[in-house]
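The following dialogue shows how a student may learn to read the features of a protein model. Please look at the structure first.

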Amino acid sequence: MSFRVLALESSCDEFAGAVIEDGIEVLASVVASQAEIHARYGGVVPEVAGREHLRNLAPVMQATLESAGLDWDDLDAIAVTQGPGLGGSLLVGVNAAKAAAWARGLPLIPVHHIAGHLYANWLRPARDEWDDAPPPFPLVALVVSGGHTELFWMQDHERVERIGQTRDDAAGEAFDKVGRLLGLPFPGGPEIERAAGRASPERIAALDPLPRAWLPGTHDFSFSGLKTAVLNRVRRAEAAGQEIDVPAMAARFQESVTDVLAEKTALAAESLGAACVVVAGGVAANSALREALRSRCAVPVRVPPPRLCTDNAAMIGAAACYRQTRAPLDIDVFSTSGAEVFSADS
């Protein structure tokens, strides 16, 4: 018997729905993005995001079921992102999931947003180049997104340990902030990657490399100092009346971030004896990071297609299928990162 989950994701500025079968097959995936709305503000406005989610909720859920060619009676459970994220946005998704679970008599499975990102690697689109084989355990998992930069040691689906994390800014947050410093549109990640692609090797070499925070003896990360280094260079150039070479600066910044992420992930995989490395989160869509990881790691590196790296509900459905930690209908959201990613109640 197959196990089909309707999953909802609303942790930030996308309201997404998906139907996932057995943690592998993506029967439907629908995302209502608000990127254009928030671009005018240079970042996500929580109140606006919550209101847009309320507008998109019913159409997305209906479109998801129609795309899958299924009815409510064909579902076995409802999954939803419980946190972390924006409180108002999370409430829209969680309350919609609770209502659907109650009305249809279906189990409710809450999912930690980061667990969702990791389990995007178990979906069939992420398996295609590996002959449909799931990622082999034990493995090191790197999560890089707007709010998270973490390393996990996964011995199997039940034994998961966080071995490293950012001590300040997440990698994606640093991309957004540096993008603003360089006058690039929001979100900063893809814009910095595009700008860096326009820089010639000669223009990049004309700029001194930016610093790297190695934090020796740990698997932790830090990007606050790197962001400050870019800020100081921009201010010095402005004070001297000089024009910033934005593509070259973007390339130097991207180079610094990817260098640290790739090197520390490769060292963790080597020291722990990992069979592979999996990568997840919005920043995992960055092609320079993918190349750096594959060139540094001695084991295979698996990264989902870009559409499964950014926030989506398919990843939430995958995590729900593999973990199936059911919850009562009185659960609440958690907006901060304090909850353990793989605790018994998440």
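Q: Is β9 mostly covered or uncovered, and how many of its residues are buried?

A: Strands (E, at least two residues) and helices (H or I, at least four) are DSSP runs, numbered from the N terminus. A residue is buried when its relative accessible area is under 20%, exposed when over 50%, and partly exposed in between (1.4 Å probe, protein chains only). Here β9 is mostly covered, with five of its five residues buried. C276, V278 and A280 are buried on one side of β9, and V277 and V279 are buried on the other.

Q: What should I know about the model before going further?

A: The model is predicted: local features need pLDDT of at least 70, side-chain atom pairs count only at pLDDT 80 or more, and totals for chains, interfaces and linings use all residues. Residues are numbered from 1 along each chain as its sequence is written, and side-chain values use heavy atoms, with hydrogens and water left out.

Q: What is the order of strands in the open sheet?

A: Two strands pair if DSSP finds at least two bridges between them. The open sheet has five strands in the order β8-β7-β6-β9-β10, with mixed pairing. The edge strands are β8 (160-165) and β10 (301-302); each has a single partner strand, so one side of each is left without a neighbour in the sheet.

Q: How many bridges join β6 to β9?

A: Five bridges join these strands, and β6 and β9 run parallel. Within this pair, L142 stands opposite V279. On the other pairing, β9 and β10 also run parallel and are joined by two bridges, with V278 opposite R302.

Q: Which residues touch the most other members of the largest nonpolar core?

A: A nonpolar core is a set of buried Ala, Val, Leu, Ile, Met, Phe, Trp, Tyr and Cys residues joined through side-chain atoms within 4.5 Å. The largest core holds 46 residues, and V144, F253, L261 and V279 touch the most other members. Elements giving two or more residues to this core include β6 (139-144), α10 (246-272) and β9 (276-280). The largest share, eleven residues, comes from α10. Another core, of 35 residues, lies apart from this one and has W122 and A280 among its members.

Q: Where does H53 lie, and what does this residue touch?

A: Contact means heavy atoms within 4.5 Å. H53 lies in helix α2 (residues 46-68) and is buried, with a relative accessible area of 0%. Not counting residues up to four places away in sequence, H53 touches S10, C12, D13, E14, F15, Q34, S89 and V92.

Q: Is K177 buried or partly exposed?

A: K177, found in helix α6, is partly exposed, with a relative accessible area of 23%. Leaving aside neighbours within four places in sequence, K177 is in contact with D169 and K227.

Q: How many residues line the largest pocket?

A: On a 1 Å grid over the protein atoms alone, a pocket is an open set of points where a 1.4 Å probe fits, with protein on both sides within 12 Å along at least five of seven lines; lining residues have an atom within 4 Å of a point. The largest pocket is lined by 40 residues, with D13, G146, D176, P187 and D311 nearest its centre. Helix α6 gives the most to this lining, with six residues.
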